[in-house]
Amino acid sequence: MLSSELYERNQKDFAPVLTKLIGLKPDLMDVGRSPPATMGLIVRQARELGYKGRFVQTGGPGWNAVVSAADKPDAEGMITVLYADPKNQAYENLAKAYRKNVNQTPNEIIANFYDAGRMLLKAIQLAGDPNDTAKVAAAISKALPMRSLQGDILTAGHQQMMTVDYVGQIKDGTSSIVGN
């Protein structure tokens with residue numbers, strides 16, 4: 001795994017470490033939670049060094065920034081984590097409203113933030129007093145389960161909202177869902 005904990009944030013030359021990794025002949029390289037543009041740089045440099053295997057992005061959103069930094073052919077086949085189904089009508093509507101109001105395309109993780117906001121508002125309503133944070137915190141578990149923006153069921157985990165994530169694969173410069 002080539003994760004952001006293993007290099008300086010401003011690093012641009014990954015050839016030394018990639019040369020060692022490629023020498024091990026891995027079938028798969030996991031770029032972990034590296035920032036998307038850095039992931040793309042790692043992918044491109046590994047391809048330039050002759051790596052033919054597959055890449056996987058196991059954390060963090062931003063597959064489109066990976067493709068942009070790596071170039072479409074280098075990112076082809078990469079397995080990605082997706083926080084939203086880009087073809088889901090409710091997600092498309094949210095993304096459209098976001099683009100209209102903010103004048104940029106949202107990252108798909110916006111779906112999780114949207115659901116978290118809805119959950120918090122429901123907990124505030126159940127608590128009856130938005131200023132009593134203890135009551136609001138206690139009401140969060142009562143706010144779930146609830147339906148997500150995309151129609152999945154959100155449940156309560158240990159002090160967190162459990163969402164559905166998707167497995168995507170980059171093909172021709174875009175990531176499509178291949179599983180969840």
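Lys and Arg count here as positive and Asp and Glu as negative. Keep that in mind as you tour this predicted model.

**Whole chain.** Show the protein chain as a cartoon. Look for seven helices and eight strands. The C-alpha atoms fill a box of roughly 60 × 30 × 30 Å along the principal axes.

**Charges.** Now colour the charged residues. There are 20 positive and 18 negative charges, and their mean positions lie 3 Å apart.

**Surface.** The chain has 180 residues, and 40% of them count as buried.

**Contacts.** Think about the fold next. Take contacts between residues at least 6 apart in sequence: 60% of these join residues at least 24 apart.

**The cavity.** How many cavities of 30 Å³ or more does the count give? The count comes to one. The largest cavity holds about 50 Å³ of space. Select Y83, N112, D115, S148, Q150, D152, L154, T163 and V164 to see its lining.

**A84.** Select A84. You are in the loop between β3 (79-82) and α5 (89-102). Is A84 buried or exposed? A84 counts as buried because its relative accessibility is 0%, and buried means under 20%.

Show the neighbours of A84. Leaving out residues up to four places away in sequence, A84 touches Y91, E108, A111, Q150, Y166 and I177. One of these, Q150, also lines the largest cavity.

**Last stop.** Select L24. L24 and A84 are 60 residues apart along the chain, and 34 Å separates their C-alpha atoms.

How values were computed
Residues are numbered from 1 along each chain as its sequence is written. This is a predicted model: local features need pLDDT of at least 70, side-chain atom pairs count only at pLDDT 80 or more; totals for chains, interfaces and linings use all residues. Side-chain values use heavy atoms; hydrogens and water are left out. Helices (H or I, at least four residues) and strands (E, at least two) are DSSP runs, numbered from the N terminus. Buried means under 20% relative accessible area, exposed over 50%, partly exposed in between (1.4 Å probe, protein chains only). Contact means heavy atoms within 4.5 Å. The place of a charge is taken as NZ of Lys, CZ of Arg, CG of Asp or CD of Glu. On a 1 Å grid over the protein atoms alone, a cavity is a set of points where a 1.4 Å probe fits but cannot get out, and a pocket is an open set with protein on both sides within 12 Å along at least five of seven lines; lining residues have an atom within 4 Å of a point. Grid points are joined across faces, edges and corners, and a volume is the space filled by probe spheres set on the points.
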